[in-house]
Amino acid sequence: MLSEFEQGIPALLHVLANVVLLGAFSLEIHDWHRPVNNWLGHASTAEQVTYSIVWTIYAGVLVAIGFWLKYRLPRVMGLLGFLLVAFKVFFVDLANLPLILRVLALAAFGGTLLVTSFWYQKFSARLKSET
């Protein structure tokens, strides 16, 4: 019989593995933007927007994996990832973007959140009915 501490170790390892993977993605983004790929005008703005896009996709994948495996931890980590991206978009990205790109960024992020919330409601009802 495992102690309560030992039962929490797999969850801790899942969280740490996801933090490492997200860190690796972030380092790749950082390295890719070092040669100054100017697709939004300023390199730091393009880099910040790329972080937001990749982190949003990663959070969505975590939520999808959580439903697919019927495992709560990835769903919670994905929702926390969306929260982190929401704060980043509002406090970092929007400050550096021109008006039209601000509108597009908010529309895209809002659409992503709406799709995720619809999926979450749909699949959480299925999980409850199966148990």
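Me: Leaving aside neighbours within four places in sequence, which residues is lysine 88 in contact with?
Reply: In this predicted model, lysine 88 is in contact with Gln48, Tyr51, Ser52, Trp55 and Asp93, once its neighbours within four places in sequence are set aside.

Me: And where does lysine 88 sit, and is it buried or exposed?
Reply: Lysine 88 has its place in helix 3, and because its relative accessibility is 9%, below the 20% limit, it counts as buried.

Me: Which backbone oxygen lies 2.8 Å from a polar atom of its side chain?
Reply: That is the backbone oxygen of glutamine 48, which lies 2.8 Å from a polar atom of the lysine 88 side chain, and Gln48 is also one of the residues that lysine 88 contacts.

Me: What about arginine 75, buried or exposed?
Reply: Arginine 75, whose place is also in helix 3, counts as buried, because its relative accessibility is 11% and the limit is 20%.

Me: What is arginine 75 in contact with, leaving aside neighbours within four places?
Reply: With those neighbours left aside, arginine 75 is in contact with Leu62, Val63, Gly66, Phe67, Lys70, Tyr120 and Leu127.

Me: Let me step back to the overall fold. How many helices and strands are there?
Reply: The secondary structure comes to four helices and zero strands, so that the pattern read along the sequence is α-α-α-α under the helix assignment used here.

Me: What share of the residues counts as buried?
Reply: Of the 131 residues of the protein, 28% count as buried. As for how the chain meets itself, among contacts between residues at least 6 apart in sequence, 56% join residues at least 24 apart.

Me: Which residues make up the largest nonpolar core?
Reply: The largest nonpolar core has 10 residues in all, namely Ile29, Val49, Tyr51, Trp55, Val85, Ala86, Val89, Leu94, Leu97 and Phe109. The elements that give two or more residues to this core are helix 2, spanning 43-69, and helix 3, spanning 72-96, and the largest share, four residues, comes from helix 3. In soluble globular proteins, nonpolar side chains tend to be buried together.

Me: Which residues does the second, separate core include?
Reply: That second, separate core has five residues, among them Ala59, Val63, Phe67 and Phe82. Two of these names come up again around arginine 75, which is in contact with Val63 and Phe67.

Me: How does the lining divide into nonpolar, polar and charged?
Reply: The lining of the second largest pocket divides into 11 nonpolar residues, two polar and no charged.

Me: Last one: how far apart are isoleucine 53 and alanine 105?
Reply: Isoleucine 53 and alanine 105 are 52 residues apart in sequence and 9.6 Å apart in space, C-alpha to C-alpha. Isoleucine 53 is found in helix 2 and is partly exposed, with a relative accessible area of 44%.

Technical notes: Residues are numbered from 1 along each chain as its sequence is written. This is a predicted model: local features need pLDDT of at least 70, side-chain atom pairs count only at pLDDT 80 or more; totals for chains, interfaces and linings use all residues. Side-chain values use heavy atoms; hydrogens and water are left out. A nonpolar core is a set of buried Ala, Val, Leu, Ile, Met, Phe, Trp, Tyr and Cys residues joined through side-chain atoms within 4.5 Å. Buried means under 20% relative accessible area, exposed over 50%, partly exposed in between (1.4 Å probe, protein chains only). A polar contact is a pair of N or O atoms within 3.5 Å; within protein, one must be able to donate a hydrogen and the other to accept it, and residues adjacent in sequence count only if both atoms are side-chain atoms. Contact means heavy atoms within 4.5 Å. Ala, Val, Leu, Ile, Met, Phe, Trp, Tyr, Cys and Pro count as nonpolar, Asp, Glu, Lys and Arg as charged, and the others, Gly among them, as polar.
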